[in-house]
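Please look through the model below before reading on.

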Amino acid sequence: MVLGGSLAGLFAARVLADAYDQVTIVDRDVLLDVDGPRRGCPQGRHINGLLARGQQAMEELYPGITQQLFDDGVPTGDLAGDVRWYFNGKPLKQQHAGLVCVAASRPMLEKHIRRRTAAFPNIEFAEQHDILGLTTTADKSRVTGARVQKQGSDDEEVFLADLVVDATGRGSRTPIWLEELGYGRVEEERKKIGLGYVTQHYKLRQDPYFGDLSINPVASPELPRGAIFTKTDGDRVELTTYGLLGDHPPTDQAGLYQWLKTLATPDIYDAVQHAEPLDEPVAFRFPTTLRRHYEKMERFPDGLLVTGDAVCCFNPVYAQGMTVSALGALTMRQHLHTGAAPQPMQYFRDLSRDVIDPPWGMTNVVDLSFPGVEGERTLAVRIGQAFLKRVQVAATRDGDITAAYMRAAGMIDRPETMQKPAFMLKVLWKSFFGGPVARTRAAVAGHISPSNRPADSVAR
């Protein structure tokens, strides 16, 4: 049984279907035949990026699904070659690196993955059921199912299962249930980032992309504001703009336009002057990152696993959540191949080491570069920050460095691949002596240049 029918739950159900006669997905929402954002997925109204490694994992779980998404009108490109990245206000040099972008809106991506999951004859959906708690053996050593209640009914039901997977997201109650069962509290790691973002969709009257897929000015310590402005399905453009440490974009239209003027590049502000808004700006708040260290628990009941955001919630700006959920499902599959029940602690250790540790460590270095983010800035963190800054400077001059950086950010390569001596020497040389900064395709075409940037767009 899978508790939660969002992407983490769907990925988990997919791998469980290969090992169990019947898999039941329990969720409080209506799931089947839903095309738009769901109440239980508030981030569904905002940009949700699937990293290159996530696309590979999705394709491994559902062969052919990437092409099905493209056939349904989802744009694509290369993460390093077709995205206009700005770091510290300067564009990275673009170079194709074989990193497939799937520029689907969250509802579109969910729809296709849910449809492919539902096609398995041994997967069923228990929609509009509230999850009340777990059931266990008398000695509480094994979870045997869950107590649920159909919405609109006063009757409680018990769904029995050989294995229960909690995919209920950040609000997971597994930590509380474990305490009630006598297992103690799971250690939690939090970092207050004060992130807030606003999303709006547009129909463009002029093309600001000049062959690019997306325009992404990234927040920096000097300017903790950024945005993603991407083509998406439905012949639309999706904008999510964000600010850290309480500096949040407004939701009134005039105020949002003024906010866009303050970004590190005028590209997005200029583009929306020639665009038709298709909806109202919608806000979302994400105050803290969260990681639950189940791998550190001394005891854990059999018959229960946890996956997705219920284990770890990254800073959404880095778009790691969906990819980590897909890789978590592949890790789960490794613990099912013998036909025996998975051992929870072995699963959590593998999930932590192989899936969560690399992106968590990389983004922790970036988060702590913002002075207002609280956390221990160890010597290793400070060294990592200094080197990452050199990488970003070098990437404005060398496409190979951009490609390597995006392979790590896209979770294709582990971050330590950028620590190889030859690469580090190249980064240092290019960042200090590497020649002129790259120009974007739009700038080369003569449409955008620093000289025509509005005077009031300089961040205060």
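How many of the 11 residues of α11 are buried? Eight of them are, so α11 is largely enclosed by the rest of the structure; buried here means under 20% relative accessible area, exposed means over 50%, and partly exposed lies in between, for a 1.4 Å probe and protein chains only. Helices (H or I, at least four residues) and strands (E, at least two) are DSSP runs, numbered from the N terminus. This is a predicted model, in which local features need pLDDT of at least 70 and side-chain atom pairs count only at pLDDT 80 or more, while totals for chains, interfaces and linings use all residues. Residues are numbered from 1 along each chain as its sequence is written, and side-chain values use heavy atoms, with hydrogens and water left out.

The buried residues of α11 are Gly399, Ile401, Thr402, Ala403, Ala404, Tyr405, Met406 and Ala408, and what covers them includes β4 (83–87), α9 (344–367), α10 and α12, where contact means heavy atoms within 4.5 Å. Just after the helix, methionine 411 takes a positive phi of about 65 degrees.

Two packed helices are described by the angle between their axes and the distance between the axes. Helix α11 (residues 399–409) packs with helix α12 (residues 421–433) at an angle of about 125 degrees, and their axes are 11 Å apart; the axes are lines fitted to C-alpha atoms, for helices over the stretch in contact, and angles run from 0 to 180 degrees between N-to-C directions. That angle makes α11 oblique to α12, given that angles under 35 degrees count as roughly parallel, over 145 as roughly antiparallel, 65 to 115 as roughly perpendicular and the rest as oblique. Asp400, Ile401 and Ala404 of α11 make the contact with Phe423, Lys426, Val427 and Lys430 of α12. By residue type, this contact of α11 with α12 divides into four nonpolar, no polar and three charged, where Ala, Val, Leu, Ile, Met, Phe, Trp, Tyr, Cys and Pro count as nonpolar, Asp, Glu, Lys and Arg as charged, and the others, Gly among them, as polar.

Helix α10 (residues 379–395) contains glutamine 392, which is buried, with a relative accessible area of 12%. Leaving aside neighbours within four places in sequence, glutamine 392 is in contact with Phe87, Asn88, Leu92 and Tyr405. With asparagine 88 there is a polar contact of 3.3 Å between the side chains; a polar contact is a pair of N or O atoms within 3.5 Å, and within protein one must be able to donate a hydrogen and the other to accept it, with residues adjacent in sequence counting only if both atoms are side-chain atoms.

On the α1 side, Leu7, Leu10, Phe11 and Ala13 make the contact, and on the α4 side Arg106, Leu109, Glu110, Ile113, Arg114 and Thr117 do. The residues of this contact of α1 with α4 divide into six nonpolar, one polar and three charged.

Helix α6 (residues 253–261) has Gly255, Leu256, Tyr257, Trp259, Leu260 and Lys261 buried, and the elements covering them include β12 (187–204), β14 (225–232), β15 (236–243), α7 (267–272) and β16 (275–277). In the loop between α7 and β16 lies glutamine 273, which is partly exposed at a relative accessible area of 38%. A polar atom of the side chain of glutamine 273 lies 3.1 Å from the backbone oxygen of tyrosine 269.

Most residues other than glycine have a negative phi, and most peptide bonds are trans. Leucine 245, in the loop between β15 and α6, has a positive phi near 60 degrees, and phenylalanine 210, in the loop between β12 and β13 (214–217), has a positive phi near 55 degrees. Lysine 296, in the loop between β17 (282–293) and β18 (304–306), is partly exposed with a relative accessible area of 49%, and a polar contact of 3.4 Å joins the side chains of lysine 296 and glutamate 187.
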